Each structure stands twice: as structure tokens, then as C-alpha cells.
Amino acid sequence: MTRRKIVTLTTDFGLSDFYVAAMKAVLLTHSPGATLIDITHNIPRHDILCGSVTLERAIDSFPPGTIHLAVVDPGVGTNRRLLIVRIKKSIVILPDNGLITWAWHRHPPATIRQITWKPPEVSATFHGRDILAPVAAMIAAGRPITSLSRPTFAPKFLDIEPAQTPRGQIIQIDHFGNATTNIPVDVVRSHPQKTIRFGNRKIGPLRRTYADVPPGHPLALINGSGLLEIAVRDGSAAKKLHLRIGDKVELR
């Protein structure tokens, strides 16, 4: 029995407009048997870093052969490339604006191709619907990638990668106010006696669970993404500790 192709969607479109439905309409028109999975459409508008971190989680979590369609595209309509990326036995369709950065660093190796397929008419403001969604759907339906694209050079990257030393920064703040850093678990465990700090504030030693400190107290632990996280038990670390994306974190 042939398994239905999974196509995930990650965008900053929100849910109050027709944009997501328009992309799904195209996907189902070209590949009516596809299984469509919403990762999120609540990426902060034009926030490529948040989109990149979120996309990496989807790529890591879904089974091989999944097609990931990601659209956080403030440069829509410009001459930036549109890409097909093969990574972690999956396929990612997205604009070349740094959106692939975090997955590229965490799941090497990866290869890319530039999309060459275009419909007769293309809106300058909605390449997600007019180009990216049709390409994702055609691949899901079995069309060869080589008929839709050509080889190309390395993608554009954001200025962020997994930390190689016990010094890093906050790269995402989630719905709960937990702050994820770019410091991987192996770096943390190679410095077991260190204390986690940001700015002039000391968080203390690494904890295992949120319940390891009293309610309202800050802590640092390894989250489900395998990265160092700063949190507040039963509260928002972002609000209580005034954390922001880009804040420096270190073990010393």
C-alpha cells in the first residue's frame, strides 16, 4: 500500500485571512491525496529566525519523505531564489532568505536546487500560493524534482549556528515564555560544574525538570530540542527576567 505524502506548512500568515486556505487549495488541487499538516501559521510576521527554528523542529520530527513547505518571505516578489532542499531524508520548499539556516546546521548534509518552474501568471505578492505550493504538491504527486529545478550554489544563512563553546545566545521564546538558546546539550554536559548566567544574573546549575525549583523561580535545563533553555517555573522567563532574542547566555 502506498503511503500518502505528508506536506507540512509553516508560515507567518496568521489565521484571520484566506492566505493559508489559498495555499491548501493549490496543494489539494495538484495532489488531492496529500496529507496536510499545519506546523504553525503564527510565526511573528517576517521573523525569519523564528521560522527557521520552528522549521527545524518539523524537519526533525516528521518521518522520512515528508515535504515541508515554509513561507516567511518579506522579500516576496524580489529576485531572491526559491529553493528545494533535501535534508534529513525530507524535502523542504522555501525562499532563500535564511529560513533554512537552523535545520542546515543541525542536520547536515543537505543539498539544494533552485526552482525554475513557474505558472503562466505569478502574483508579485503571493509566491507561496503561485509557485511554492504548486511545486510542493507536484513533488508530492510524484513529479521529478529535476523537472522543476536546477542545481545552484549555497543558500543564504542567518548569522546563527549551534554554539561550539559554553557561550551562546537566545534564539527563540516560546508561548510559555521559555527562552531557547543555541547551546546544545553536548556543550552543556562537557561543562557540568559551570553555572548558567546571562548578563550579570546567575541562574544556577543545570536542572532536570521545571519542578526542580519552587514556583516562580528561574532555572536552566535541557529542553525537548536538545538545547539549553532558561525558564521560570509556572511563569514566563521572558517577562520575569526581561529576556529578548539575541541576549547572551554563558556557562562559567
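Tutor: With the crossing of α1 and α4, which is right-handed. The model is predicted, so local features need pLDDT of at least 70, side-chain atom pairs count only at pLDDT 80 or more, and totals for chains, interfaces and linings use all residues. Residues are numbered from 1 along each chain as its sequence is written, and side-chain values use heavy atoms, with hydrogens and water left out.

Student: Why is the crossing of α1 and α4 called right-handed?

Tutor: A crossing is right-handed if the near helix is turned clockwise from the far one by less than a right angle, and left-handed if anticlockwise. The axes of α1 (residues 19-30) and α4 (residues 127-140) cross at roughly 35° and come within 8 Å. Axes are lines fitted to C-alpha atoms, for helices over the stretch in contact, and angles run from 0 to 180 degrees between N-to-C directions.

Student: What makes the contact of α1 with α4, and how do its residues divide?

Tutor: Contact means heavy atoms within 4.5 Å. Among the residues that make it are Ala-22, Met-23 and His-30 of α1, and Arg-129 and Pro-134 of α4. They divide into nine nonpolar, two polar and one charged. Here Ala, Val, Leu, Ile, Met, Phe, Trp, Tyr, Cys and Pro count as nonpolar, Asp, Glu, Lys and Arg as charged, and the others, Gly among them, as polar.

Student: Why is α2 described as largely enclosed?

Tutor: Buried means under 20% relative accessible area, exposed over 50%, partly exposed in between (1.4 Å probe, protein chains only). In α2, 11 of the 14 residues are buried, so the helix is largely enclosed by the rest of the structure. Cys-50 and Glu-56 are among the buried residues.

Student: How do you know that the span of α2 is close to the expected one?

Tutor: The expected span is 1.5 Å times one less than the number of residues. Helix α2 (residues 48-61) has 14 residues and reaches 20 Å from its first C-alpha to its last, close to the 20 Å expected.

Student: What makes β8 and β9 a pair?

Tutor: Two strands pair if DSSP finds at least two bridges between them. Three bridges join β8 to β9 (residues 179-184), and the two run antiparallel; Gln-172 has Thr-180 as its bridge partner in β9. Three bridges also join β8 to β15 (residues 248-251), again antiparallel.

Student: What makes β8 largely enclosed?

Tutor: Five of the seven residues of β8 (residues 167-173) are buried, so the strand is largely enclosed by the rest of the structure.

Methods:
Helix = DSSP H or I, 4+ residues; strand = E, 2+ residues; numbered from the N terminus.
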